[in-house]
Amino acid sequence: MSDGDTGLTEGWRYSVATDKDTRSEGVFKGYAMLGTESAVVLQMSGGTTRIIPVAGIVFIDLIESGERKRSDDKRPESGYYC
């Protein structure tokens with residue numbers, strides 16, 4: 001990440017800690033809504049999709065980055081992932 005970049009990048013691998021002993025590592029797919037709560041969506045190894053409520057996240061580590069994809073397509077800001 002360069003200075004000034006914020007947020008998670010689709011396609012990059014992250015480790016998400018939800019308490020001191022529980023971590024989920026996977027590829028970030030986007031955000032989702034669980035009722036009225038925002039959540040992070042990870043594609044885990046083996047194909048499992050994990051949805052983690054943002055309120056339960058202690059910290060997030062960037063494990064593996066790649067090129068940032070530039071797109072002229074406007075993504076909806078509804079909080080859903082594709």
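Buried means under 20% relative accessible area, exposed means over 50%, and partly exposed covers what lies in between, with a 1.4 Å probe and protein chains only. The views show a predicted model, in which local features need pLDDT of at least 70 and side-chain atom pairs count only at pLDDT 80 or more, while totals for chains, interfaces and linings use all residues. Residues are numbered from 1 along each chain as its sequence is written, and side-chain values use heavy atoms, with hydrogens and water left out.

**View A. Residue S15 in strand β1.**
At 7% relative accessibility, S15 counts as buried, and this residue belongs to strand β1; strands (E, at least two residues) and helices (H or I, at least four) are DSSP runs numbered from the N terminus. When neighbours within four places in sequence are left aside, S15 is in contact (heavy atoms within 4.5 Å) with R23, S24 and E25, and also with F59, I60, D61 and I63.

**View B. The open sheet of five strands.**
The strands are arranged in the order β4-β3-β2-β1-β5, with antiparallel pairing; two strands count as paired if DSSP finds at least two bridges between them. The edge strands, each of which pairs on one side only, are β4 (49-53) and β5 (59-64). From one strand to the next the twist averages 45°, where axes are lines fitted to C-alpha atoms, for helices over the stretch in contact, and angles run from 0 to 180 degrees between N-to-C directions. Strands β1 and β5 run antiparallel and are joined by five bridges, and R13 stands opposite E64 in β5.

**View C. The aromatic cluster of Y14, F28 and Y31.**
Two aromatic pairs are present in the structure; rings of Phe, Tyr and Trp (its six-membered ring) pair if their centres lie within 6.5 Å, and planes under 30 degrees apart count as stacked, over 60 as edge-to-face and the rest as tilted. In the pair formed by Y14 and F28, the ring centres are 6.2 Å apart and the planes stand at 85°, an edge-to-face arrangement. Because Y14 lies in strand β1 (residues 13-19) and F28 in strand β2 (residues 22-34), this pair ties together parts that are 14 residues apart in sequence. Y14 counts as buried at 3% relative accessibility, and F28 also counts as buried, at 2%. F28 forms an edge-to-face pair with Y31 as well, at 5.1 Å centre to centre and with 70° between the planes. Y31 itself is partly exposed, with a relative accessible area of 37%.

**View D. The salt bridge between R13 and E25.**
The structure holds one salt bridge, a term that here means a side-chain nitrogen of Lys or Arg within 4 Å of a carboxyl oxygen of Asp or Glu. The closest N and O atoms of R13 and E25 are 4.0 Å apart. R13 lies in strand β1 and E25 in strand β2, so the pair ties together parts that are twelve residues apart in sequence. R13 is partly exposed, with a relative accessible area of 24%, and E25 counts as partly exposed at 38%.

**View E. Residue K20 in the loop between β1 and β2.**
K20 is exposed, with a relative accessible area of 74%.
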